[in-house]
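Colleague: I am new to this structure and would like to learn how to read it. Could you take me through it feature by feature?

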Amino acid sequence: PEVAEYLRWHGVAAPVTEIEASAWLAGGRLIAGAIEAGADLVVMGAYSHHLMRRLIFGVAGVALARSTIPVLMAE
């Protein structure tokens with residue numbers, strides 16, 4: 001919500017959606033939601049602690065594996 005508020009100050013309407021699911025479901029839902037919203041890029045962060053494990057088993061890994069649009073990862 002804080003990022004959406006910041007973006008609103010700059011004229012960008014950014015809806016906030018909470019996803020409550022396991023990593024396997026959340027990653028797929030994240031990508032599906034982005035595509036449904038008409039996004040052509042997903043920008044997401046990944047924790048630096050045990051980054052490889054999160055990329056393989058976490059939401060980030062699932063999003064990368066299932067995405068049909070570019071995903072920009074930021075650590």
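Modeller: Gladly, and let us begin with burial: a residue is buried under 20% relative accessible area, exposed over 50%, and partly exposed in between, using a 1.4 Å probe and protein chains only. Helices (H or I, at least four residues) and strands (E, at least two) are DSSP runs, numbered from the N terminus. With those terms, strand β1 shows a covered face made of V42 and M44, while V43 and G45 form its uncovered face. In a regular strand the side chains alternate between the two faces of the sheet.

Colleague: What should I keep in mind about the model itself?

Modeller: This is a predicted model, in which local features need pLDDT of at least 70 and side-chain atom pairs count only at pLDDT 80 or more, while totals for chains, interfaces and linings use all residues. Residues are numbered from 1 along each chain as its sequence is written, and side-chain values use heavy atoms, with hydrogens and water left out. As for pLDDT, it is the predictor's confidence in each residue, from 0 to 100. The chain has a mean pLDDT of 80, with 81% of its residues at 70 or more.

Colleague: Where in the chain is confidence lowest, and where is it highest?

Modeller: Helix α3 (residues 51-57) is lowest, with a mean of 59, and helix α1 (residues 2-9) is highest, at 91.

Colleague: How many helices and strands does the chain have?

Modeller: There are 4 helices and 2 strands, and along the sequence they follow the pattern α-α-β-α-α-β.

Colleague: In which sense do β1 and β2 pair?

Modeller: Two strands pair if DSSP finds at least two bridges between them. Here β1 and β2 pair in the parallel sense, over 4 bridges. One example is G45, whose bridge partner in β2 is A74.

Colleague: Which residues make up the largest nonpolar core?

Modeller: The general idea is that, in soluble globular proteins, nonpolar side chains tend to be buried together. A nonpolar core is a set of buried Ala, Val, Leu, Ile, Met, Phe, Trp, Tyr and Cys residues joined through side-chain atoms within 4.5 Å. The largest one here has 8 residues: I31, A34, V42, M44, A60, A63, I69 and V71. Helix α2 (23-36), strand β1 (42-45) and helix α4 (59-66) are the elements that give it two or more residues.

Colleague: Which residues does V71 touch?

Modeller: A contact means heavy atoms within 4.5 Å. Leaving out residues up to four places away in sequence, V71 touches I31, L41, V42, M44, A63 and L64. Of these, L64 sits in helix α4. Across the chain, 64% of the contacts between residues at least 6 apart in sequence join residues at least 24 apart.

Colleague: Why does L64 count as partly exposed?

Modeller: Because its relative accessible area is 37%, L64 falls in the partly exposed class.

Colleague: Where does P1 lie, for contrast?

Modeller: P1 lies in the segment before α1 and is exposed, with a relative accessible area of 66%. Over the whole chain of 75 residues, buried ones make up 23%.
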